[in-house]
Amino acid sequence: MKIIEIATRRRVTIAMFTVAVVLFGSVALGRLKVNLLPELTYPTLTVRTEYTGAAPVEIENLVTKPIEEALGVVKNVNEVTSISRSGQSDVVLEFAWGTDMDLASLEVREKLDALQLPLEVRRPVLLRFDPSLDPIQRFGLTRKQPEALRADADGGARVAPAGLQAAETLDEGTLKYLRRYADEQLKKELESVLGVAAVKISGGLEDEVQVYVDQQKLGQLGIPIEQIAQVLGSENVNLSGGRLEEGVQQYLVRTVGQFETVEEIGDVIVAQRDGRPLYLRDVATVRMGARERESVTRIDGVEAVEVAIYKEGDANTVAVAEGVDQRLRFIRETLLPEDVALVPVYNQATFIEQAVNEVIEAGLIGGLLAVLILYLFLRHFGTTLIISLSIPVSVIATFNLMYGADLSLNIMSLGGLALGIGLLLDNSIVVLENIARYREEGKSRLEAARLGASGVGMAVIASTLTTVAVFFPLVFVEGIAGQLFRDQALTVTFSLLASLVVALTLIPMMASLGRREGAAPVEAPPLREPRTRAGRGIRRVRLFLFTTVPTFIARWTVRGAR
């Protein structure tokens, strides 16, 4: 075979090519994304529409049915289901597997824009069901207890979750303060981290301006409550007043009418009676209160504010989590008040790192056991060393192919790599055993390497392609199973192809190392003795790398073959 002829006669070229593959594979390994599972994209879209105050029957007749009729003609839609509940309509569209969901979302949005719904209905919202949209990190923002504050003052550790168990229920002012700090400070700092898509705040108490109308006074004055709502809506606006020209100067005019304080809201004129204005404070009580809560967040039984971190769809989970942790360390040191604690609750990156490390550990143990068993059968260190080199070289070459195919390091791809480690030695063992047979017949190292590798080359290729034919078709499986096992199938395929190339190039090259038998030694011209100590040291290193090491490997190989 031509590739074997090149490998045995151009040994320096093969060595440099192997070094290049290892170098680029190491760089590719550092750039591979680390996730728990492969990216899963469910072909599902949910159209959520809110109609405040409407009953389920009205939601179904006025919202759900028109949306179903409009979206039923979208391409590749297999099934349409809907749920109509009080104040909300959910229409779920299930598409065929393999549908481009970005184009499908655009088509659904076009159909919704042309749909006429009641004026009170809010604009429909498209929701993509994707497991990667779960938050990768959760934190709890709560007030420190006096014991924790004293520990900080004495140089002790910062507050821990266990220190919150004895805390009492936080008052309304504290919950408002924590929610305001999370919305105005913490959220802005964390959203600027690379890879963070959104930061959602929940829990605590949100500020809300509350207007308590006195129904009795409104009835006596004959003022309908709709008039008060209309006046407040028309007064609390900022409008553009156009442009004012004065000579060569132009001024932009704005009508600033947005409320800034609660007192300004109370000073709004709602009606005129007997030539006298009636203010809102005359018929209602205006105060700054808290919005009615739909959920309560607690940490160890204590109310707190939850901070949830969501990553971008194609971002590296572990890298984003590390960036968030670095930003949080900066926030704790400079921006976080002394009496506030930011407690980690959940970190998806920790679980991912543990799962990936366990798979890597299993792969390393499997590779070492394979080498050990190989040595027990061959009983020769040099031969075992040559065959064992095929494992790291093939694995590192696989990282190049994984990076080119845009795969990530997850439990499926690493599992496929661990599965392929046991198969990586087969090709090298077959090639080297056939080379040893020709050595026993008296052939030279170069001739034995060329004839031995060429004799089994087609058989090795056929065996490898047979195994590839078992795993590679998994790439074309549709559905969630295909998305899960695609990375594993590609990783096994890449590792087997890499081991095939190594068996046909690197193994014959290393087996042919050493001086040719029967050839008269060529006397090299005398070398000048280096004048400096550094020059003499470099000469010794060169002699060791290019003379001593190849000769040692060749001798051990010959002894093992005999």
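Contact here means heavy atoms within 4.5 Å. The model is a predicted one, so to speak of local features takes pLDDT of at least 70 and side-chain atom pairs count only at pLDDT 80 or more, while totals for chains, interfaces and linings use all residues. Numbering starts from 1 along each chain as its sequence is written, and side-chain values use heavy atoms, with hydrogens and water left out.

N434 sits in helix α15 (residues 411–440); helices are DSSP runs of H or I, at least four residues, numbered from the N terminus. With residues up to four places away in sequence set aside, N434 touches L451, G452, G455 and V456. N434 counts as buried because its relative accessibility is 10%, the cut-off being under 20% relative accessible area with a 1.4 Å probe, protein chains only.

Now for a helix pair. Helix α1 (residues 2–9) and helix α16 (residues 445–471) have axes that come within 9 Å and cross at roughly 155°; axes are lines fitted to C-alpha atoms over the stretch in contact, and angles run from 0 to 180 degrees between N-to-C directions. That makes α1 roughly antiparallel to α16, a label for angles over 145 degrees. On the α1 side, I4, E5, T8 and R9 meet L446, A449, R450, A453 and S454 of α16. Sorted by class, this contact has 4 nonpolar, 2 polar and 3 charged residues; Ala, Val, Leu, Ile, Met, Phe, Trp, Tyr, Cys and Pro count as nonpolar, Asp, Glu, Lys and Arg as charged, and the others, Gly among them, as polar.

Buried residues in helix α11 (residues 317–335) include V318, V320, L328 and I331.

How values were computed: Helix = DSSP H or I, 4+ residues; strand = E, 2+ residues; numbered from the N terminus. Parallel < 35°, antiparallel > 145°, perpendicular 65-115°, else oblique. Expected span 1.5 Å × (residues − 1). Buried < 20%, exposed > 50% of the residue type's maximum accessible area, 1.4 Å probe, protein only.
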